[in-house]
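I opened the model and kept notes as I went. Each entry says what I looked up.

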Amino acid sequence: MKNGVILLVEDNPSDIGLTKRALEQNHIANPLVIAEDGREALDYLFGTGTHAGRDVRDLPAVMLLDLKLPKVSGLEVLKQVRADERTRLLPVVILTSSSQDMDITSSYGLGANSYVRKPVDFTEFAEVVRAVGLFWLITNESPPRKR
Amino acid sequence: MRSQMTRDTMEDARPSADEALDFAESVINTVREPLISLDHNLRVVTVSRSFYDFFKVRPEETVGRLIYDLGNKQWDIPRLRELLETILPQRTSFDNYEVEHEFADIGKRTMLLNARQIQQGQGKERSILLAIEDITERKEIEAGLEKTRQELAVAKRSADEALDFAESVINTVREPLISLDHNLRVVTVSRSFYDFFKVRPEETVGRLIYDLGNKQWDIPRLRELLETILPQRTSFDNYEVEHEFADIGKRTMLLNARQIQQGQGKERSILLAIEDITERKEIEAGLDDTRKQLEAFAYSVSHDLRAPLRGIDGWSLALLEDYGDKLDERGRGYIDLVRSETQTMGRLIDDLLAFSRQARADMNQERLDMTAIAEAIVYRLRQQSPDLRADFIIQPGLSALGDPDLIEIALTNLLENAAKFSSRSPHATIEFGQVEEKGSAAFFVRDNGVGFDMAYSDKLFGVFQRLHKSSDFPGTGIGLASVQRIINRHGGRIWAEAQVDHGATFYFTLRQAS
């Protein structure tokens, strides 16, 4: 298993805990980085703010991005990620409670790689996390690291 | 006139009796009017050529005969007898005696008879001269003229009535109305126009429309309608004009305009109906705001209310998984209950969201293959619940007009319900088809399940209304409310018939695809 970082952008502590639990239960041991708002996610990706000095060439294996976030919204994060040459190819999975057509359309329009709705049932949620992790961390071939 | 002249001429010709007789004969044969003279026994003495021509009789069957016997007794006319036997013995002349008679050869004729008694010498018997004028054609023309005159009078009366009616219509309708001549000068104005725009008749009628109310009506959009659009078409509806009036403030108006030609060759005039939609527009704008707020609310519901539910479910499961050995059977049962309630609430939120979306969703009307839609739904139901044992009977060839997404939601709800409420029947059968109900074609979904008590049928389609205990048949109570809303949005009706333990049938109507 490749040991790429999973960047989880999520502000709900309960959802963070559940995601961690689901990852553990499915034996996905990749390092988990948590950003609790959109600003923090962008700081991590671009090596700014609290993450100043981070080598931005180390792209996460996948970013699990919620849409409704404090400060900078998920869609805005996605837009900036796709607009920057350094992060343009980062695999982004929208993981959200919303199933509004508008959100789904906007997400794909801005270049999301997939859109997953978080089920209320934890068993189903754990299954979704497992499937997402399996696909993006193992099945999928990540873009090559920039020099 | 002519017979008068004849008599004068005859009197002037007195000098010689023979000459006079010859002259009289030639006069008789010259005039176009049929003339006949009778002796005192009413036998024919002299006959003009025109008489023979006109009545198609020959001299040999005429002269010497009793007048009534002429032409096979055709001349035995009561009115003529009256003239000859009653009137003339009392007076020497009678003019314009009208006789109408049906003759075998020449048809129905109207004649004016001028009669003179003549005494051709002292002591001699009197003889009678009859001048016959055929006025049949004249009468017909006169009758035609009279008819035309009456028709004209009727037409004028109805025109007057129509005008009166138009005036009263103009003054009755709430909508301000104004009519303009081809120079765009005001001709007629409704009372509501004066009321609404706060202008007086003396400053309105005869004025150019743009000059009304201190040139307040000089509106570019109105100029466009009157000068550019109307010359090219005879009518224009729902032309929206927004304008700030000095007296009544900013108004949004819908104009309906008609060009009217009030007679051949006359100049066209224009009728303008003005509907004030200012308030309507404001209400619409308000509704739009409300709708947006509702959408924002629905968004929050979908996102924010679901997140804690996932927490409750996830952490109670975590409790069960990590500390299950520290709980007894009952404790673990409680956790199961927490989780199943959470699921119910999640479904409720989803159904509510779907319900509010169905009210707002745009609708497309297209031809739907109802049979294919039903078959696809049944296929999906079987995929989702492998233990579904019901037999489905779907009538082939069904079609309707509707929105494919919404109708599929409605039909899914009905078929799912049918499957749910017949799940305990030993031989569950669910039918989808079409029947003739109350004069129109209605679709139906019928099951042989538990049915329901018709006493509660009014609650069937209410939001959150349930006729069965959750422990018997789970559900959120939104499904049928959704179905009803969808059918109603399509202009259709939905109703149900059921009997406890004998199944239920849901009927709904949709417009037929042509």
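I began with strand 9 of chain B and strand 10 (residues 268–276) of chain B, which pair in the antiparallel sense over 9 bridges. This is a predicted model, so I read it as one. I looked up one bridge in that pair: B:Ala257 has B:Leu272 in strand 10 of chain B as its partner.

Then I checked the pairing of strand 9 (residues 249–261) of chain B with strand 8 (residues 235–245) of chain B. It is antiparallel, over 9 bridges. Here I found B:Glu240 opposite B:Leu254 of strand 9 of chain B. What joins strand 8 of chain B to strand 9 of chain B? I traced a hairpin through 3 residues.

**Chain B overall**

I listed 14 helices and 17 strands for chain B. Chain B has 514 residues, and 24% of them count as buried. I also took the contacts in chain B between residues at least 6 apart in sequence: 51% of these join residues at least 24 apart.

**The open sheet**

Next I went to a sheet of 5 strands in chain B. It is open, its order is 12-14-15-17-16, and its pairing is mixed. Which strands are at the edges? I noted strand 12 (391–394) and strand 16 of chain B, each pairing on one side only. The twist from one strand to the next averages 25°.

Two helices came up here. Helix 13 of chain B packs on the sheet and touches strand 14, strand 15 and strand 17 of chain B. I read about 35° between its direction and that of strand 15 of chain B. Helix 12 of chain B lies across strand 12, strand 14 and strand 15 of chain B. Its angle to strand 12 of chain B is about 170°.

**Nonpolar cores**

I searched for the largest nonpolar core and got 42 residues. Those with the most contacts inside it include B:Ala374, B:Leu411, B:Leu415 and B:Phe508. Among the elements giving two or more residues to this core are helix 12 (370–384), helix 13 (404–421) and strand 14 (429–437) of chain B. Which element gives the most? Helix 13 of chain B does, with 10 residues.

Leaving aside neighbours within four places in sequence, B:Leu415 is in contact with B:Ala374, B:Ile377, B:Val378, B:Leu381, B:Ile430 and B:Val445. I then found another core apart from this one, of 38 residues, with A:Ala22, A:Leu23, A:Leu67 and A:Leu69 among them.

**Where the chains meet**

I turned to the contacts between the chains: 16 residues of chain A touch 15 residues of chain B. On the chain A side, helix 1 (13–25) and helix 5 (122–139) each supply at least two residues. Helix 1 of chain A gives the most, with 4 residues. I sorted that side of chain A by class and got 4 nonpolar, 7 polar and 5 charged residues.

**Confidence in chain A**

Last, I checked pLDDT. Chain A averages 88, and 97% of the residues score at least 70. Where is confidence lowest in chain A, and where highest? I found it lowest in helix 5 of chain A, at a mean of 87, and highest in strand 1 (residues 6–9) of chain A, at 95.

Note on methods. Residues are numbered from 1 along each chain as its sequence is written. Chains are lettered from A and ligands numbered from 1 in the order in which they are written. This is a predicted model: local features need pLDDT of at least 70, side-chain atom pairs count only at pLDDT 80 or more; totals for chains, interfaces and linings use all residues. Two strands pair if DSSP finds at least two bridges between them. Two residues are in contact if their C-beta atoms, placed from the backbone, lie within 7 Å. Ala, Val, Leu, Ile, Met, Phe, Trp, Tyr, Cys and Pro count as nonpolar, Asp, Glu, Lys and Arg as charged, and the others, Gly among them, as polar. A residue is buried if 20 or more other C-beta atoms lie within 10 Å of its own, exposed if 12 or fewer, and partly exposed in between; C-beta atoms are placed from the backbone. pLDDT is the predictor's confidence in each residue, from 0 to 100. A nonpolar core is a set of buried Ala, Val, Leu, Ile, Met, Phe, Trp, Tyr and Cys residues joined through C-beta atoms within 7 Å. Axes are lines fitted to C-alpha atoms, for helices over the stretch in contact, and angles run from 0 to 180 degrees between N-to-C directions.
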